[in-house]
Structure formats: C-alpha cells, structure tokens
Amino acid sequence: MRRTKTILGALLFAVCLMFTGCGCPQESACQANKFKASVDYKIVDGVIVLDEPQRAPGQKSMIEFRANPLETVRVGFVGLGMRGPGAVQRFTHIEGVAINGLCDKYAERAEGCQAFLEKAGMPKAKVYSGDEGYKQLCESDDIDLVYIATSWQMHVPVALYAMEHGKHVAIEVPSANTVEECWQLVDAAERNQVHCMILENCCYDHYELTTLNMAQQGVFGEIIHAEGAYIHNLEPYWKHYADNWRLEYNAANNGDVYATHGVGPNCQAMNIHRGDKLDYLVAMSTKSVNGTKIVREQMGEKADTCMHGDQINTLIRTAKGYTIDMQHNVMTPRPYSRMYQLVGTEGFANKYPTAGYTFKLDQLKSIATEETGAPNIEALDHHSFAPASVVAEMTEKYKHPVQKQLVNGQPLQQYSLSVGGHGGMDFIMDYRLVYCLRNGLPLDMDVYDTAEWSAMGELTRISIENGSKPVKVPDFTRGDWNKVKELKFYFAD
Ligand SMILES: NC(=O)c1ccc[n+]([C@@H]2O[C@H](COP(=O)([O-])OP(=O)(O)OC[C@H]3O[C@@H](n4cnc5c(N)ncnc54)[C@H](O)[C@@H]3O)[C@@H](O)[C@H]2O)c1
C-alpha cells in the first residue's frame, strides 16, 4: 500500500513538472503554477518569486552611469500621435539640441511635426514612416538619442533596436509591459553602456519636486508610507489611440498597467535602489464593469470581455519595512488624481484632492488650549494642514535645486511655465535629460528605475490572478541596490 502511494506521488510530481516546467519546491505550487508569467518562477514560503537572470559577461552595472558629454544632443522622435508632438515642440526650446529624425507609422503624423521646427527656425528633419521605419532612424549616424512615444506594445522593440545601435533612449510610460521586457531593457543598457530613461514626467511636477526636497532634507522625519495613483477617466480618449492599442491592451491584461505616475515619485522619496528596495507586493482588482461595456461598444466582435478590472489596488512593502499604497482607475468618473502622499514620522504631504502639508510641531501647538497648554480633546479639526502662510514659506525655502536651475536667466520652474507640458513638468523632464547628456552626468532616472516602475504592470497582474498572493519584486540592479545611499540629481558645477 505504502509503495503504491509512493509511486502515485512520484507520478503526480512528474505530471506536475511536465505541465509547469518548474521545480514546484513548496506548497500548492502545482495549483499556483497554472498562471502564465513572462519569466519562470517558484513559490517560496507562499511568495511568488520570479527568476532573476544573472548578469552576462561583458555587461556592466549602470548605477551612476556617465556617458561621454555631447555638445549637441541629436534627437530622433518615434511615435508622433497625441503625446509625441508636444515633446518635439518642447525640444525646440532647449539649447544644444538638433532634431534630426521624425518617425511615425503614419508619415503624415511625422511630417506634421516639421511645423514646430520651422517655427523655431530649425532645419527640417528626416522623416521615417511605416511599421519598421524606426529601424532606419536608429541605424542613422546623426542620432544620439531616440525619444519613444509610441503605443506601449512598441516601446521595447524600438528601444532595444536603438540601444543595440549605440543610441541612448528615453521611453514614455510605462516603458515596458512585462518583467521579461524590463530585463531586456536592463541587459541592453548594460551591454551597450547607453542610457535608458523612463519619461516619468510626474517626478518633475513642482509639488512633487519641492516635496522630494523637503523629504531629502528630513522635514517629514522618516517616511514610513506613501501613496500614489493614476485615477483618470479615459472615456473621452479611448477612441483616439492609434489602431485602438490602449483599449486592446486593457481588454487583454489585468493589473496596474499604468503605475509609474504613482510609484515613480514615491520611489524617489523613499530612495528605492539607493539604500532601500521594493520587496514584495499584493494586488487586488474589482470586476470589470465599465471596462467590459466600453470594450463591447468599441471593439464589437473583436472582444467581448475586458480582463482589466475597473479599479486596481496594490500594496508594496520595502526591504526596510515601509509601505506604498497604489491605485489605478481609468474606467469610472472620478476627479483626476495621482494621490501622491508621503506619511512621515514628523510630517505629511498630500497633493490630491487638496494640496497641503502637515508638520508635527504645528499640530502639537494648535491643539493646546490657551489657558493650560493641555491638549484640547475637542480639537480634532486642528489636526489639519498647516496654514497657507506656513506652506508658502516652506515651499519657497525647500524649492528643489532643479527648480532653481537657471535657463536663459530664469529659474527652470518659471521658464518651464512659459513652455508648458502638463504645467511645465514635461519641459523640466526634457530639459534635465538634455542637460545631463550634454554634461556627461548620470540621469535623474536610470534604467533600474525604468524597470522597477514599469514591472508593476505584470507583477500586479500575477498577484491578482493568484488570489492576491504576494509577489517578490525582482532586484533589477542585481544586488547593487544598496551601493548609493540617496537619490541624487547631478549638476555640472
Ligand atoms: N507621461 C504622460 O503624461 C503621458 C501622457 C500621454 C501619453 N503618454 C504615453 O505616450 C505614449 C503614446 O501615447 P499617445 O497618447 O500619444 O498614443 P497615440 O496612439 O496617440 O500615439 C502613438 C503613436 O505611435 C505610433 N506608432 C505605433 N506603432 C509605431 C511604429 N511601429 N513606428 C512608429 N510609430 C508607431 C502611432 O501611429 C501613433 O501615432 C504611450 O506610451 C502613453 O502611455 C504619456
């Protein structure tokens, strides 16, 4: 009897191996391994752990990577739909830039951007088009930087081709869709020793920048928790994405597929891979109600269901024991919000729906009764934001050095307002990218930020599809996350 059981057990194990292709070292592994992930994985003590490939010989870490300074940054833009043309226009306002390539699948979109160059008195750029026109742009000798604002599905193919041809790349958000794609970006940057920067513009919002500086100066004490989100009802936009790429992506994929606006600024404030690292996450999704309705209306016979839940909620824990709370909702009517909240032992910052700061000392003072100095137990409403005068003073005092950087005799913050792009933050991002490339400095956001923030899409999907099981966040730095102790923005002098 015992022998029969052993044989049966061995048979079951072999069948499990055949179907999962995985060692299943822990409990319920066979059951959990029904899901698909872009890389192999194991279940260790109940946590889903994706395999992390070793660094191949010849690849070098990109931590604090500096490329040779470029006197003129020669740019080629790929993807000129709703987002891309604004970048072309902004680059015409940056000194030391030559716009040499304009590429879109649809030639007229690329051609249309020549007007920005003409207006700025710049020479016409070469136009590339078709599904693979980007390849010629990447092969061209007169391009240093490929700026990618295509559909998500094309981000990585274009970026990899560009990096293999020795170009630096800057990629819209999210820069990659799967963990496998994130590793491909890391490996290509390390192998070719070129920059790969995520175009996470929200890191350059004036509120976020000032708050980051306050955080780095210790104003909030120890930051124990942060919140971030992308809450934006996309109903008016769905029909306008080229070839319906965005709705098709959402129809086919659950998870926080657009996490970087929320997680990026939080990771910066928490020094992720500069002394701390994202350890693991759990995610949960609602059912798809509006998503399914929109998919049925817009995609007709092509799709009947929407995999993407209307609201996605994620909790991340860091190696040092702090937490990040994220939300994603592009399906229901809500006011736009990136949440952006920092909870510190000495203070609090909150951007949405009401921007404000709270400082511990103010709270303690405001709650004391005038007569005795003892706490007034009725004074709960005093636990609120610091008065406007205090906020104004603090905001001025803690302006980030990037906001104060001089451009054409004006502080970058002020100058950015005249160029625009989401209230100026897009321009600050582009300006900093060019500035660092021209001065041979490490970029504000490196390839590991690009991978960590973009990986949220697939990692949250995996957790959701497994009953909100914890999923380990891969260490894309391959052990280097503790080498630098704080996020740094570099300046030439
Ligand atoms: N950071 C932000 O605030 C922000 C805002 C909007 C959009 N985005 C990002 O910008 C990107 C583009 O979004 P969008 O709203 O402009 O979408 P879009 O559909 O309007 O534009 C995408 C463009 O890419 C082009 N394209 C597709 N395949 C191509 C190929 N093989 N070669 C060349 N061009 C190709 C399409 O023709 C289209 O013109 C997305 O990644 C999106 O997430 C970021």
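## The ligand shell

Select strand E4 (97-104) and helix H7 (152-164): each supplies at least two residues of the shell around the ligand. Helices (H or I, at least four residues) and strands (E, at least two) are DSSP runs, numbered from the N terminus. This is a predicted model, in which local features need pLDDT of at least 70 and side-chain atom pairs count only at pLDDT 80 or more, while totals for chains, interfaces and linings use all residues. Residues are numbered from 1 along each chain as its sequence is written.

Now show the whole shell. The ligand is surrounded by 25 residues, and the closest are Gly79, Gly81, Met82, Arg83 and Ala242. A residue is near a molecule if its C-beta atom, placed from the backbone, lies within 6 Å of it. Colour the shell by class to find 13 nonpolar, 6 polar and 6 charged residues. Ala, Val, Leu, Ile, Met, Phe, Trp, Tyr, Cys and Pro count as nonpolar, Asp, Glu, Lys and Arg as charged, and the others, Gly among them, as polar.

## The whole chain

Zoom out. The protein has 19 helices and 18 strands. Of its 493 residues, 44% count as buried; that takes 20 or more other C-beta atoms within 10 Å of the residue's own, whereas 12 or fewer make a residue exposed and counts in between partly exposed, with C-beta atoms placed from the backbone.

## H3 against H17

Select H3 (residues 84-91) and H17 (residues 425-438). Their axes come within 10 Å and cross at roughly 60 degrees, and therefore H3 is oblique to H17. Axes are lines fitted to C-alpha atoms, for helices over the stretch in contact, and angles run from 0 to 180 degrees between N-to-C directions. Angles under 35 degrees count as roughly parallel, over 145 as roughly antiparallel, 65 to 115 as roughly perpendicular and the rest as oblique.

Show side chains at the contact: Gly86, Ala87, Arg90 and Phe91 come from H3, and Asp426, Phe427 and Asp430 from H17. Two residues are in contact if their C-beta atoms, placed from the backbone, lie within 7 Å. These contact residues divide into 3 nonpolar, 1 polar and 3 charged.

## H10 against H12

Move to H10 (residues 245-252) and H12 (residues 290-299). They pack at an angle of about 130 degrees, with axes 11 Å apart, so H10 too is oblique to H12. Leu247, Asn250 and Ala251 in H10 meet Gly291, Ile294, Val295, Gln298 and Met299 in H12. By class, this contact has 5 nonpolar, 3 polar and no charged residues.

Next pick valine 289, in the loop between strand E10 (278-285) and H12. Valine 289 counts as partly exposed because 14 C-beta neighbours lie inside 10 Å. Methionine 331 is 42 residues from valine 289 in sequence and 8.5 Å away in space, C-alpha to C-alpha.

Is alanine 451 buried or exposed? Select alanine 451 in helix H18 (residues 447-454). With 26 C-beta neighbours inside 10 Å, alanine 451 is buried. Leaving aside residues up to four places away in sequence, alanine 451 touches Cys182, Leu185, Val186 and Phe476. Its C-alpha atom is separated by 7.8 Å from that of valine 179, 272 residues apart along the chain.

Finish at helix H19 (residues 456-465), where 9 of 10 residues are buried. Just after H19, glycine 467 takes a positive phi of about 60 degrees.
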